[in-house]
Amino acid sequence: MADIETASPALESVDAAEPESTGPRRMVLNMGPQHPSTHGVLRLLLELDGETIVKAEPEIGYLHTGIEKEFEVKNYQQAVTLTDRIDYLAPLSNNLCYCLAVEKLLGLEIPPKAQWIRVLLTELTRLNSHLIWLGTHAIDIGAMSVFLYCFREREEILRIFEMFSGQRMMTSYFRIGGLALAPPRGWRQRVKGFIDVFPSRVDEYEDLLTKNRIWIGRTRGVGKMTLEDMLDLGITGPMLRAAGLKQDARKDQPYSSYDKFDFEIPTRVESDVYARYQVRIEEMRQSARIVTQALEGMPEGPHTADAPKVVLPEREKMKTQMEALIYHFKIVTEGFRVPEGEVYQAIESPRGELGYYVVSDGTSKPYRVHIHGPSFGNLQAVPHMVEGTLIADVIASLGSMDFVLGDTDR
Amino acid sequence: METGGAAVMEVPAELQPFALTSKFDRGELTVEVAPERVVEACRECKGSLHFERLSTVTAVDRYPSEPRFEIVYHLHSVSLNRRLRLKARVSGESPAIDSVTAVWRSANWYEREVFDLFGITFLNHPNLRRIMMPDEWVGHPLRKDYPVEGYK
């Protein structure tokens with residue numbers, strides 16, 4: 001599970017500055033990078049006094065792939081495919097945020113149907129992500145069966161994604177200017193069939209956990225943090241809401257027609273692992289509400305913007321109209337130029353504030369793209385959260401953060 | 001477009017003394033401050049302007065023009081539902097700027113990332129080490145003169 005080391009080079013340098021006074025027998029435990037509860041490759045250097053953590057030091061970067069550099073050599077539309085790979089549990093949230101940022105630079109107006117489909121699929125992404133979180137979080141703490149229940153529903157969501165985009169995970173379904181393809185035949189029945197039963201499935205998870213004595217014992221009062229500390233340390237998303245702050249970009253700075261939907265922002269005040277669990281469970285119910293509303297009120301119309309220089313023409317037009325052929329050739333060979341400027345677009349991803357900072361120099365490739373992944377901000381608070389607690393609580397605390405290392409390391 | 005009530009249209013009075021230039025574009029306000037006054041400006045933003053959160057710190061490499069680096073801070077006020085972008089330019093010759101970790105602790109990792117990928121030194125930073133790349137790595141990948149493929 002974890003290697004026990006007597007000394008570690010990374011911690012030694014940190015240690016050199018402080019006096020050895022905390023106790024006679026301090027041990028350094030190297031948790032990860034291959035520890036199952038770190039969900040990816042996170043290395044935690046824990047300095048222990050008995051079972052109490054004296055000092056924790058997260059080491060990240062194992063999944064760093066230089067995606068931000070890669071953006072600079074792709075044209076704007078090609079770069080959509082990179083965004084899937086950042087947070088691989090919420091690919092559509094990343095697609096959406098990037099597209100919104102570039103559309104803001106272009107000043108593009110997206111037709112209502114595309115916006116509503118975007119909302120619908122992003123909320124399904126939230127469900128997908130929360131289901132994986134719940135399943136793995138529960139398995140870490142020892143509740144095996146929840147995992148199997150969650151993955152049953154997740155599978156159906158992935159099938160819906162596959163139906164829309166042809167891909168289960170790396171969807172790239174949202175494109176600059178709208179959607180990649182028209183929604184497939186029969187999608188309504190498929191989504192309806194899923195979303196009608198989903199609330200009862202959430203009840204099932206709750207039956208297994210909410211009043212489970214072991215679950216409560218392992219999560220209540222664990223991983224507490226004050227709201228001030230959280231804001232200062234860069235935490236966003238469900239963790240803030242579990243500390244009583246009603247903050248959600250979908251309400252505060254509505255994007256993609258979220259202002260037209262009726263939903264609540266769940267909050268709790270306890271700010272412990274259990275409260276975060278409750279917030280995310282309630283978020284699943286609210287997301288299901290949004291999906292139902294999107295399904296019922298889906299506007300008619302085109303699924304891409306009326307912008308021939310940005311959006312690829314229909315196949316039929318391309319074969320019959322000279323102009324469409326020219327635009328097609330231009331878009332495929334060169335891409336489209338984006339006016340000079342810079343924007344920061346923030347959305348509410350399942351994990352918190354996801355932000356894309358896109359700088360354009362007027363060419364067809366982004367000059368610079370910076371991604372603020374919510375996991376990066378959240379993970380930073382690990383030492384603050386676990387120092388002084390017991391080692392067994394680290395697993396619960398880490399699980400309640402719901403981080404994705406791809407999102408952290410980029 | 002869809003910035004909601006989040007936009008600050010013009011430079012707030014408290015920030016006026018620090019602002020070198022400012023720009024309101026696409027619903028977002030950018031204020032440029034002198035690099036040596038960035039900590040003061042940030043403290044003012046956090047204190048009297050209620051920007052409790054630092055969303056991100058990043059940099060833009062304007063190679064080969066000078067000053068080469070723009071260091072960009074995205075601020076977020078949760079209580080007032082506002083966002084603001086601060087910018088400071090530093091030269092390409094041993095670039096350095098004061099760290100804002102004393103104002104927001106979250107700047108710790110954000111600045112480490114900029115240090116790692118752009119090679120900009122943050123003075124008075126508590127733990128300025130590489131964060132993404134291995135410790136023994138040579139070069140700073142997000143600089144414009146760093147190759148995308150292969151080794152130089």
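**Exercise 1. In which order do the three strands of the open sheet in chain A stand, and in what sense do they pair?**

This is a predicted model, in which local features need pLDDT of at least 70 and side-chain atom pairs count only at pLDDT 80 or more, while totals for chains, interfaces and linings use all residues. Residues are numbered from 1 along each chain as its sequence is written, and chains are lettered from A and ligands numbered from 1 in the order in which they are written.

Step 1. Helices (H or I, at least four residues) and strands (E, at least two) are DSSP runs, numbered from the N terminus, and two strands pair if DSSP finds at least two bridges between them. On that basis the order of the open sheet in chain A is 7-8-9, and the pairing is antiparallel.

Step 2. Strand 7 and strand 9 of chain A are at the edges with a single partner strand each, so one side of each has no neighbour in the sheet. From one strand to the next the twist averages 10°, where axes are lines fitted to C-alpha atoms, for helices over the stretch in contact, and angles run from 0 to 180 degrees between N-to-C directions.

Step 3. Between strand 7 and strand 8 of chain A there are nine bridges in the antiparallel sense, and Glu348(A) has Glu353(A), in strand 8 of chain A, as its bridge partner. Helix 4 (residues 91-106) of chain A packs on this sheet, where it touches strand 7 and strand 8 of chain A, and its direction makes about 150° with that of strand 7 of chain A. Contact here is a matter of C-beta atoms, placed from the backbone, that lie within 7 Å.

**Exercise 2. Describe the side of chain A that touches chain B.**

Step 1. The contact takes 32 residues from chain A and 31 residues from chain B.

Step 2. At least two residues each are supplied to this side by helix 2 (67-71), helix 9 (227-233), strand 7 (341-349), strand 8 (352-360), strand 9 (368-372) and helix 15 (374-379) of chain A. Strand 8 of chain A gives the most, with four residues.

Step 3. Sorted by class, the side of chain A that touches chain B holds 12 nonpolar, 12 polar and eight charged residues; Ala, Val, Leu, Ile, Met, Phe, Trp, Tyr, Cys and Pro count as nonpolar, Asp, Glu, Lys and Arg as charged, and the others, Gly among them, as polar.

**Exercise 3. Work out how the elements of chain B are arranged.**

Step 1. Chain B has two helices and seven strands, which follow one another from the N terminus as β-β-α-β-β-β-β-α-β.

Step 2. Five strands of chain B form an open sheet in the order 1-2-5-4-3, with mixed pairing. Strand 1 (19-25) and strand 3 (53-61) of chain B are the edges, each with a single partner strand, so one side of each is left without a neighbour in the sheet. Neighbouring strands of this sheet are turned by 20° against each other on average, direction ignored.

Step 3. Strand 3 of chain B pairs with strand 4 (residues 69-77) of chain B in the antiparallel sense over eight bridges, and Arg53(B) stands opposite His76(B) of strand 4.

Step 4. Helix 1 (residues 38-47) of chain B lies across strand 2 (28-33), strand 4 and strand 5 (82-90) of chain B, and runs at about 175° to strand 5. Helix 2 (residues 107-118) of chain B lies across strand 3 and strand 4 of chain B, at about 10° to strand 3.

**Exercise 4. Which backbone features are found in the loops of the two chains, and where do they lie?**

Step 1. A cis peptide bond, with omega about 0°, joins Tyr63(B) and Pro64(B), and the bond from Glu66(B) to Pro67(B) is cis with omega near -5°. Pro64(B) lies in the loop between strand 3 and strand 4 of chain B, where Pro67(B) is also found.

Step 2. Ser256(A) is not a glycine, yet has a positive phi of about 45°; it sits in the loop between helix 11 (249-252) and helix 12 (273-296) of chain A.

Step 3. Asn81(B), likewise not a glycine, has a positive phi of about 55° and belongs to the loop between strand 4 and strand 5 of chain B.

Step 4. A residue is buried if 20 or more other C-beta atoms lie within 10 Å of its own, exposed if 12 or fewer, and partly exposed in between, with C-beta atoms placed from the backbone. Ser256(A), with 23 other C-beta atoms within 10 Å, is therefore buried, whereas Asn81(B), with 16, is partly exposed.

Technical notes
Two residues are in contact if their C-beta atoms, placed from the backbone, lie within 7 Å.
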